[in-house]
Amino acid sequence: MTDEPLLRVSALSKFYGSRVGCENVTFDLWPGEVLAVVGESGSGKTTLLNCLSTRLLPSSGTASYRMRDGQFRELYRMSEAERRFLMRTDWGFVHQNPADGLRMTVSAGANVGERLMAVGDRHYGKIRATAVDWLSRVEIDEDRIDDEPRAFSGGMRQRLQIARNLVTGPRLVFMDEPTGGLDVSVQARLLDLLRGLVTGLGLAAIVVTHDLAVARLLSQRMMVMKDGRVVESGLTDRVLDDPRAPYTQLLVSSILQV
Ligand SMILES: Nc1ncnc2c1ncn2[C@@H]1O[C@H](COP(=O)(O)OP(=O)(O)O)[C@@H](O)[C@H]1O
Ligand SMILES: [Mg+2]
């Protein structure tokens, strides 16, 4: 256990011209904690996630990340090279559309091995063995290792994307609607798998979803966004069982009608 957060976010805002992307978002994320960011389409979830993962620069506000050496670093003051290094090693980013996070025309094994090589692994046999191990951890048969992801189903692609992200042992994973594009039956299985991996590895994660069931299953804490602002946050069970903001009450009751 550590008594310091992994990520500290303060008054983060992103405007697209005069349009609000997200506004004045403040929170701490603790090691091993899964935070769900929920809200309807257009509420600013993706904007916030992209700012946090430095894929987008905010208009104002700060975010500091506790590096492996224990030092906090201000994300938006890092050099491009330092940010890229973080993204390749200490962080993962799982896109809703697996094609955005995979190389579709290289083999499944290479998709996983590539991330290892990016952190300096050079031993082919070891890389291959680790790739095999990770494929099995995401329930992909070893005999598919030389197949390209474009030959995979949507669920398999998403599982491969997860393996590619987790193989380097990241401490923080960003996920944007990780089950969003999948059939309901496939979603349930993927969610189960994700939950097992996140818990088993003690990963911290920020999971964007419009699906409260995903938030319930994966997260300990959640933030509800509307029009770019956080309207409610708290422990997931508390927010879902006893929503306080009128907007959260609406969200929770509308899910019950489905
Ligand atoms: N590249 C962009 N240019 C202009 N406006 C954008 C851009 N991306 C998002 N927005 C606007 O910012 C707001 C938040 O969008 P977004 O972060 O995509 O929300 P969500 O992920 O919750 O659907 C919306 O009003 C959206 O139209
Ligand atoms: Mg979005």
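These legends walk through a few close-up views of a predicted model.

View 1. UniProt, in an unreviewed entry, places "domain: ABC transporter" at residues 7-252.

**View 2. An open sheet of 6 strands.** Read across the sheet and you get the order β6-β7-β8-β3-β9-β10, with mixed pairing. At the edges are β6 (91-94) and β10 (229-235), each of which pairs on one side only. Going from one strand to the next, the twist averages 15 degrees.

**View 3. Where β9 meets β10.** Here we zoom in on one edge of the sheet, where β10 sits. Strand β9 (residues 221-226) runs antiparallel to β10, and 6 bridges join the two. Look for K226, whose bridge partner in β10 is R229.

**View 4. Helices on the sheet.** Helix α1 (residues 45-52) lies across β3 (34-38), β7 (172-176), β8 (204-209) and β9. Its direction is at about 155 degrees to β8. Helix α5 (residues 154-166) packs on the sheet too, touching β6 and β7. The angle between α5 and β6 is about 170 degrees.

**View 5. Inside the largest nonpolar core.** This core has 65 residues, and A36, V37, A163, A205, I206 and V207 have the most contacts inside it. Domain 1 (7-90 + 170-257) and domain 2 (103-169) each supply at least three of the core's residues.

**View 6. Around V207.** Which residues is V207 in contact with, leaving aside its neighbours within four places in sequence? They are V34, A36, M175, P178, V214, L218 and S219. One of them, A36, is also among the residues with the most contacts inside the core.

Technical notes. Residues numbered from 1 in each chain as written. Chains lettered and ligands numbered in written order. Predicted model: local features only at pLDDT ≥ 70, side-chain atom pairs only at ≥ 80, totals over all residues. Core = buried A, V, L, I, M, F, W, Y, C linked by C-beta atoms within 7 Å. Buried ≥ 20, exposed ≤ 12 C-beta atoms within 10 Å, placed from the backbone. Domains from an automatic or database assignment. Contact = placed C-beta atoms within 7 Å. UniProt positions renumbered as here; feature names shortened; annotations may be inferred. Pairing = 2+ DSSP bridges. Helix = DSSP H or I, 4+ residues; strand = E, 2+ residues; numbered from the N terminus. Axes fitted to C-alpha atoms, helices over the stretch in contact; angles between N-to-C directions.
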